[in-house]
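The following note sets out points for a colleague who is examining the model. Please read it alongside the sequence and coordinates.

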Amino acid sequence: MRAPLSWLREYVELPEGQTGRDVAAKLIAAGLEVETVERLGQGLTGPLVVGKVLAVEELTEFKKPIRWCQVDVGDANGTGEPQNLICGARNFAVGDKVVVVLPGAELPGGFKISARKTYGRVSEGMICSAAELGMSEDHDGIIVLPPEHEVGSDAIELLELVDEVLDIAVTPDRSYCLSMRGLAREAATAYGVPLRDPALIDTPAANEHGPAVEVADPVGCDRFTARAVHGVRPEARSPIWLRRRLEKAGMRPISLAVDITNYVMLELGQPLHAYDRSRLRGTIGVRRAEAGEKITTLDGAVRELDPEDLVITDERGPIGLAGVMGGAETEIADAEQDAETGEVAGTREIVVEAAHFDPVAVARTARRHRLVSEASKRFERGVDPQAASAAAQRAVDLLVLLAGASAEAGVTEVVTPGGPRTVAMAADHPDRVAGVEYGRETVVRRLQQVGCDVYGSDELTVTVPSWRPDLNDPNDLAEEVIRLEGYENLPSTLPRPPAGRGLTESQRAHRRVGRALAGEGYSEVLSYPFVGPGVFDRLLLAADDRARRTVRIVNPLSDEEPRLRTTLLPGLFAALRRNEGRGAQNVALFETGLVFHPRADGTVAVADASAGLSAERRPSSEEIAALDAALPVQPRHAAVVLSGARELDGWWGKGRQALWADAVESARTVARAVGAELRVTRGAYGPWHPGRCAALSVVVDGEEQHVGHAGELHPRVIKAFGLPAGSGAMELDLDAVERAGGRLVTAPAVSAFPVATQDVALVVGSDVPAAEVEAALREGAGELLESLRLFDLYTGEQLGGDAKSLAYALRFRAADRTLTAEEVGAAREAAVAVAAERTGAELRGV
């Protein structure tokens, strides 16, 4: 809402010297959002005067039409002689009144005016357009003034060029601020001065002589006021003051009748519509549209109506979308002058409509037809129903004053009976909400300032004003008291959480996982949980793979991704491709998030599963259980994807590229973070390279459970998703890994005694997993083993084609003593013996 300060001063006597920024500060303190304060005419200096065109000479020797004009500016130029001016506009003629800027003046933007030679003539100033004066963006032609303005008079004051305009972002709950009346009320309250309410005008009582109206849907339209005028002069134009107020408020002047309805809407907040009475047929009606009906709206579009659309009708059918836009069949006709007779044809009889429509109906119609208007923005937020009569009267008065019309005595008002809204509130409720003791007198005074009637002592009964549909409960009233007393006066106090609250063990585990992966050089990403059915083919998943069983969304954001994900990999692949495409190299990403699987019993969540629930009470345990039972299974997964160098080249030596083993190590990092022991074996699964894929498992409640895969991605998957060659990935079921771990991750004990290191190289068959050899060594070494690390893998002709050598470093240490050579040797031999028994391993070189 753009509010000119000069217009605001008509309703509020602001203290002398208050600038637009001062008023903006007051309104901001009262809870409004003032985005900017625009200073119109800044840098503008005169002389800028009214001139009369005396003669026009067409200069035809140039590429574009140029006119050499003599303009009478009175005594403004100091000589009284006509001013010689060059002008390229062609929308004026001899005898027209125009706006002339004389040498020595300066236009907005620092454009200084002086006499200068151009097109072979000396131009002593300039004839101005609206754009050059900062009035609008209209460059089509110069300003032609009405003939009654005196030559030589000051055009700066005439055109109201110097002003300040507050641009206010009105929130949906403050619909009354979409009018000068509402903003004036806020300013009057902020400054503590009286309000001159423009809606307080005398209106005649309803009678039987007004335009015929029939409201068939009293829910959609609970008030309809209609007035009529005749004898309108079609040639009448909007006066400058009216046009300028509309322009400052951000609206384009169109015609006098339309400008008046827009002006009253901006003034009082009540949208109006003007009908050409000669184009109406029979009774004006309000009803819901019928299937198949169509209407041509004022924008020229033919729209097919929905049975839920609220429409204005006559005996022919729909003539307007209620509260949104009128129809073309009954619009006000443009004035046209007959070239032979000189008579001006156009609308001479007007019916003014001021109605109150259901906000929900208007909002749905506007969105359904993608048609947002100034009227719909107000109706869908809430309009004062009591202002309809005053708005209609104001429009009639302006038509009489400016268009020479005569008001008809008939007044039509169709009103659905309804009483005022009341809210019961304890007098100290705002005190308890704000933590500040305001007292009853302050509460009552502040509520009265916003238009409420207040009764009672300790328990208040508050009658809410008709222009505040947002005040519905005690908290709404408390907010009014608090904002008017000043948010800045509220104390800054930290809330005290009750004991025993905080992160759950599962939340702590998830954070440990994130920190651990970030510590290993991975960057966290968040992906949308939506996938298309074709993604599983690109992942090379089997036709019966569980991941292909997805949950379909009823109203997806995109028709290309109508399903919920069962794997995190597609989102990570998209992030990797996007980063690589923007020049990033050596990318390592991770994500932890939910995946979604349909329930085994086939239960499907439906849109009306929450029907019958209310925000006024907490759902019962049975209702919560029923809602949970309708949801899909949602385990939390952790996944990584990486490409490029894992270790960079530098003065310290040569780096290395990321390998499949780095993806496997990321899974071990996750397991360590939650205190779980991860088992790694050879695997084969869709997205991964069959020879470089590890199957991941944990032991839960004594049973081994498969939790995921890691390794290098399949070349066909890399090509399908546009990923860098050699990219690796890992994904596992984080919830399952968490269940396998301990509830708490304990810090390891550090012994003060020295460590004893023993290396052992074992030859095993090429098909024996290193994990099995490692497990056997750990079991055989016993309690003295502190750590075990595989540091070398060798294959070659010396071992044969079906064997490999695995070299391990074993660290032994006791917590209470220094180990002897015999103890260390015995532990090493025991470890080798168990490995030989379990895997057929032999000591290399023996």
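Over the face of which residue does Arg121 lie? The first point takes this up.

1. Charges over rings. Arg121 lies over the face of Trp68, at 5.8 Å from the ring centre. For Lys26, the charged end sits over the ring of Tyr191, and the distance to the centre of that ring is 5.3 Å.

2. Aromatic pairs. Eight aromatic pairs are present in the structure. One of them joins Trp241 and Tyr263: the ring centres are 5.6 Å apart and the planes stand at 80°, so the pair is edge-to-face, given that planes over 60 degrees apart fall in that class. Trp241 belongs to helix H5 (residues 240–248) and Tyr263 to helix H6 (residues 256–268), so this contact ties together parts that are 22 residues apart in sequence.

3. Surroundings of that pair. Tyr263 is buried, with a relative accessible area of 1%, whereas Trp241 is partly exposed, at 30%. Ring pairs also bring in Trp7, which is linked with Trp241 and Tyr263 into a cluster.

4. A pair between two phenylalanines. The ring centres of Phe357 and Phe379 are separated by 5.2 Å and their planes are at 65°, so this pair too is edge-to-face. Phe357 is in strand E25 (residues 349–357) and Phe379 is in helix H8 (residues 374–379); the pair links distant parts of the chain, 22 residues apart. Both Phe357 and Phe379 are buried.

5. Strand E13 and its partners. Strand E13 covers residues 163–169, and five of its seven residues are buried, so the strand is largely enclosed by the rest of the structure. Strand E1 (residues 2–4) runs antiparallel to E13 and is joined to it by three bridges; here Arg2 stands opposite Asp167 in E13. Strand E2 (residues 33–40) also pairs with E13 in the antiparallel sense, over seven bridges, and Glu33 stands opposite Ala169 in E13.

6. An annotated region. An unreviewed UniProt entry lists residues 418–492 as "domain: B5"; such an annotation may be inferred rather than shown by experiment. In the predicted model, the chain over residues 418–492 is 37% helix and 17% strand. The C-alpha atoms at the ends of this stretch are 43 Å apart.

Terms used
Residues are numbered from 1 along each chain as its sequence is written. This is a predicted model: local features need pLDDT of at least 70, side-chain atom pairs count only at pLDDT 80 or more; totals for chains, interfaces and linings use all residues. Side-chain values use heavy atoms; hydrogens and water are left out. Rings of Phe, Tyr and Trp (its six-membered ring) pair if their centres lie within 6.5 Å; planes under 30 degrees apart count as stacked, over 60 as edge-to-face and the rest as tilted. Helices (H or I, at least four residues) and strands (E, at least two) are DSSP runs, numbered from the N terminus. Buried means under 20% relative accessible area, exposed over 50%, partly exposed in between (1.4 Å probe, protein chains only). A charge sits over a ring if NZ of Lys or CZ of Arg is within 6 Å of the ring centre and within 35 degrees of the ring normal. Two strands pair if DSSP finds at least two bridges between them.
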